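The following exercises are to be worked with the sequence and the coordinates at hand. Each task is followed by a stepwise solution.

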Amino acid sequence: MSKSIIIDAGHGGTDAGANGFGVLEKDWALEISRYQYKRLKELGAKVAMTRKEESTLTPTERIARIKNHYDVCVSNHWNAYDGKARGIETIHSVHAKAIFAQNLADHLASTTDLPLRRVFKRSISTGVDYFFLHRLTGRTETVIVEYGFIDNKRDFNY
C-alpha cells in the first residue's frame, strides 16, 4: 500500500524561524521542501506541500492542510542555539513509535556526515504532545526534522 505524504516547509512569511550567517530558516525550509516534493513526485509518490511559496501560514491554516488528509507529514526545520551546538534531530509524537523518526535521522546522518544529535518526543503532560504539529494533526503521523544548526558554521557549510 502506498502512503500519502505532505511536506511541511516550516515557518514562512512573517515567521522567519531561526537564522544564521545571513540565512533565514524559512528560506531553507522552503527550498528543501520544494526539492523533496519534486523528487517524490518523480518517484510516483502521492505528495503535497503545506506551502509552495514564501507565505505566512497560521498554525490553524497549517493544521487544516495536514490533519487527517495524509498518512505522513515531514516538517522541515533548522535549529539555532549558541553557534556551538550541532547535529540532526528528529521529533516524533508521544503516540507514535520512534521507528520512522529514527530511520529518517539515521539516513540523514549517514548520507550527510552530520552528527546525529537525538531522536526524541516531548510532552507538556502525560500523553499530550508539546509540539502542535504532533498534537493537532490527527491520524497523520508527523515527524519534525531539524537538519542541523543554522548558526553553527560546520552545519551551515555542509
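**Exercise 1: A charge and an aromatic cluster**

Lys153 lies over the face of Phe21, at 4.4 Å from the ring centre; a charge sits over a ring if NZ of Lys or CZ of Arg is within 6 Å of the ring centre and within 35 degrees of the ring normal. The model is predicted: local features need pLDDT of at least 70, side-chain atom pairs count only at pLDDT 80 or more, and totals for chains, interfaces and linings use all residues. Residues are numbered from 1 along each chain as its sequence is written, and side-chain values use heavy atoms, with hydrogens and water left out.

Task: Classify the ring pair of Phe21 and Phe156 and locate both residues.

Solution.
1. Rings of Phe, Tyr and Trp (its six-membered ring) pair if their centres lie within 6.5 Å; planes under 30 degrees apart are stacked, over 60 edge-to-face and the rest tilted. The count by this rule is 5 aromatic pairs.
2. The ring centres of Phe21 and Phe156 are 5.0 Å apart and the planes are at 55 degrees, so the pair is tilted.
3. Phe21 lies in the loop between S2 and strand S3 (23–24), and Phe156 in helix H5 (residues 153–157), so the pair ties together parts 135 residues apart in sequence. Helices (H or I, at least four residues) and strands (E, at least two) are DSSP runs, numbered from the N terminus.
4. Phe21 is partly exposed at 44% relative accessibility, whereas Phe156 is buried at 18%. Buried means under 20% relative accessible area, exposed over 50%, and partly exposed in between (1.4 Å probe, protein chains only).
5. One aromatic cluster is formed by Phe21, Trp28, Trp78, Tyr147 and Phe156.

**Exercise 2: The surroundings of His11**

Task: Determine where His11 is found and which residues it is in contact with.

Solution.
1. His11 is found in the loop between S1 and strand S2 (19–20).
2. With 18% relative accessibility, His11 counts as buried.
3. Beyond its neighbours within four places in sequence, His11 is in contact (heavy atoms within 4.5 Å) with residues including Glu25, Arg51, Arg62 and His77.
4. The side chains of His11 and His77 are joined by a polar contact of 3.3 Å. Such a contact is a pair of N or O atoms within 3.5 Å; within protein, one must be able to donate a hydrogen and the other to accept it, and residues adjacent in sequence count only if both atoms are side-chain atoms.
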